[in-house]
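Here is a short tour to read alongside the sequence and the coordinates.

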Amino acid sequence: MLITPLQLEQEPLFFEESIASGVIDYQLDTRQIGPMPVGGRADLLLEHRGPQDTVSDIRLRAGYKGDFEVLCARCVEPVAVPLAGSFDLIFRPESADAEAGERAITEDETEIGYYGKSGLLLEDVVREQVLLTLPGRTLCKPDCKGLCPRCGQNLNVETCHCAETAVDPRWNALAGLAGQLEK
């Protein structure tokens, strides 16, 4: 859904969208399961910078709720992660702050996003908010054993015999050291 300042000139835009799974590409280990409802409101905020200079900011307030599948950080098995969140963000045209050189910004300006000439894509904003809401590291269970580094066996399902049969050749130089220290 594209939101433009022109749509918001007369009145706010209220929306109820359902983003289907597969529409937004999150990241390699994350995928959306089923539709994700997103509802909210977009308003136009006019910022007067001078007698003839006005900037059309878009304020976007919305909420979302969806089910996701994230790969476990240790065993790479899919883990169900339900998410819900809301946001209240301000977006400014890219060209509004595109002046050359350095300039100081206020703390409030650090919270402003930017939109292109065509407008603001709701899907881009939702993608960013979902990625910020996801946990930094997801485990299928707290004591996940992960994968065997040698054969790739999921150690939660079955134990492998790689550790019993293979010795790391880097330790060969130290193999007889324990017996020599005891003498």
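Predicted model: local features only at pLDDT ≥ 70, side-chain atom pairs only at ≥ 80, totals over all residues.

Six salt bridges are counted in it, and several of them involve strand β5, which spans residues 54-71.

**Salt bridges between strands**

- Arg 61 and Asp 43 join their side chains in a salt bridge, at 2.6 Å from N to O. Arg 61 belongs to strand β5 and Asp 43 to strand β4, so this pair ties together parts that are 18 residues apart in sequence.
- Arg 92 pairs with Asp 57 in another salt bridge, with the closest N and O atoms 3.2 Å apart. Here strand β6 supplies Arg 92 and strand β5 supplies Asp 57, 35 residues apart, and both residues are buried.
- Arg 59 and Asp 88 meet in a salt bridge too, at 2.5 Å from N to O. This one also links distant parts of the chain, with Arg 59 in strand β5 and Asp 88 in strand β6, 29 residues apart.
- Both ends of that last pair are partly exposed: Arg 59 has a relative accessibility of 26%, and Asp 88 has 43%.

**Helix α2**

- Helix α2 covers residues 122-133, which makes 12 residues. From first C-alpha to last it reaches 17 Å, close to the 16 Å expected.
- Its buried residues are Leu 122, Glu 123, Val 125, Val 126, Gln 129 and Val 130. Viewed down the axis of α2, they fall within an arc of 160°, so they line one face of the helix.
- Strands β2, β4, β5, β6 and β8 are among the elements covering these buried residues.

**Surface spots on strand β5**

- Lys 65, in strand β5, is exposed, with a relative accessible area of 58%.
- Beyond its neighbours within four places in sequence, Lys 65 is in contact with Met 36, Pro 37, Leu 83 and Ala 84. The C-alpha atoms of Lys 65 and Ser 86 are 8.9 Å apart, although 21 residues separate the two in sequence.
- Leu 71, also in strand β5, is partly exposed at 30% relative accessible area. Together with Val 76 and Leu 147, Leu 71 makes a nonpolar surface patch of about 210 Å².

Note on methods:
Residues numbered from 1 in each chain as written. Heavy atoms only, no water. Patch = residues over 30% accessible without salt bridge, like charges linked within 9 Å, V, L, I, M, F, W, Y side chains within 5 Å. Areas by Shrake-Rupley, 256 points an atom, 1.4 Å probe, with all protein chains shown as cover. Salt bridge = Lys/Arg side-chain N within 4 Å of Asp/Glu carboxyl O. Helix = DSSP H or I, 4+ residues; strand = E, 2+ residues; numbered from the N terminus. Buried < 20%, exposed > 50% of the residue type's maximum accessible area, 1.4 Å probe, protein only. Expected span 1.5 Å × (residues − 1). Arc of directions from axis to C-beta. Contact = heavy atoms within 4.5 Å.
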